[in-house]
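Subject: Structure for your files

Hello,

Here is the structure you will be working with. My notes on what was found follow below it.

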Amino acid sequence: MSKTSPIVQTSKGKLRGFRYDGVDHFYGIRYAKAKRFQMPEPVSAWEGIKDAGSYGMICPVLNEPMPVGEVMTPHRFWPSSEHCQYLNVWTDSCNPAAKKPVMFWIHGGGYAAGSSIEQVCYDGFNLAKKDGVVVVSVNHRLNAFGYLDMSDFGDKYKNSVNVGMADLVEALRWVRDNIACFGGDPDNVTIFGQSGGGGKISSLLQTPAADGLFHKCIIMSGIADGIMYQEGDSRPLVDGMLKELGLTADECEKLETLPYEQLVQAYKKVSPAIQAAGGYVGCAPTPNGYYLGDPRKVGFSK
């Protein structure tokens, strides 16, 4: 990075991005941390200047991604980790007085796949350069890492079924607390997303913890007759995974530390038969107080 690289002071410490063609880029900003199946927490403060010139990890998916339609819609494939709470920012000015509108992009892929950089068109450069907005894109936990109901196994897991949504709420809190130093207006935040990203927006509208963290929304598809929302008894799924892994219910905490490949393989082994029988297989938000439910079933919360 050159001496002219943009440096911003966030609430936790300084970040150095890079400037290209009139736009400041900040990649791989860690907005939260979390233990498996548990709620996200803010990151700790740091000294010195952290580099923000590389994309952060994306969430592991259940199936290895396959190239499809790469000529017209090229994908980015990237290293993955369940510790994937990273976001990216594009802005043409880091002046705190600029107060530019903020657009917060939520990627597609249902609640089980995708990432903030999966599609090349997810890049926020053009919106920042041509339309004068500050663009944020975000990774969060997906599939069994973000939406597996472990609440029967202890209070620390009581919202495990919605921690993927809780990651998005924590990212929006980061925007509220920090986006001004990137030239954005925390009182003018629009969340927008396509397909699964649109579904997550409808879910955020039903999540009281997100109230006041955004002001407008754009749902680009993402509403599909409730197929992304699950209710039902989660115990057969988790018990089946434990059995597949040679564990008892009393050993459920070992699910927190298993290599994620083993966890995913156990889920994939057990879930098809449960799904075929109409049972709960997770991978989507579930009403529990934190998330109020599909608005078409329970009504809009606001």
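To start with one cysteine: is C252 buried or exposed? C252 is buried, since its relative accessible area is 7%. Please keep in mind that this is a predicted model.

Cysteines

The structure contains 0 disulfides. C59 takes part in no disulfide, and the nearest cysteine sulfur to it belongs to C84, 4.2 Å away. A disulfide would need the two sulfur atoms within 2.5 Å. C59 has 2% relative accessibility and therefore counts as buried. C252 is likewise in no disulfide; for C252 the nearest cysteine sulfur is that of C283, at 19 Å.

Helices 3 and 4

Helix 3 covers residues 163-178 and helix 4 covers residues 196-204. The two pack at an angle of about 80 degrees, and their axes lie 11 Å apart. Angles of 65 to 115 degrees count as roughly perpendicular, so helix 3 and helix 4 are roughly perpendicular to each other. On the helix 3 side, the contact is made by M165, L168, V169 and L172; on the helix 4 side, K200, S203 and L204 meet them. Sorted by class, this contact between helix 3 and helix 4 has 5 nonpolar, 1 polar and 1 charged residues.

Helix 5

Helix 5 runs over residues 235-244, and its buried residues are L237, V238, G240, M241 and L242. These buried residues pack against helix 6, residues 260-276. Just after helix 5 comes G246, with a positive phi of about 75 degrees.

Regards

Definitions and conventions: Residues numbered from 1 in each chain as written. Predicted model: local features only at pLDDT ≥ 70, side-chain atom pairs only at ≥ 80, totals over all residues. Heavy atoms only, no water. Axes fitted to C-alpha atoms, helices over the stretch in contact; angles between N-to-C directions. Helix = DSSP H or I, 4+ residues; strand = E, 2+ residues; numbered from the N terminus. Parallel < 35°, antiparallel > 145°, perpendicular 65-115°, else oblique. Contact = heavy atoms within 4.5 Å. Nonpolar A, V, L, I, M, F, W, Y, C, P; charged D, E, K, R; others polar. Buried < 20%, exposed > 50% of the residue type's maximum accessible area, 1.4 Å probe, protein only.
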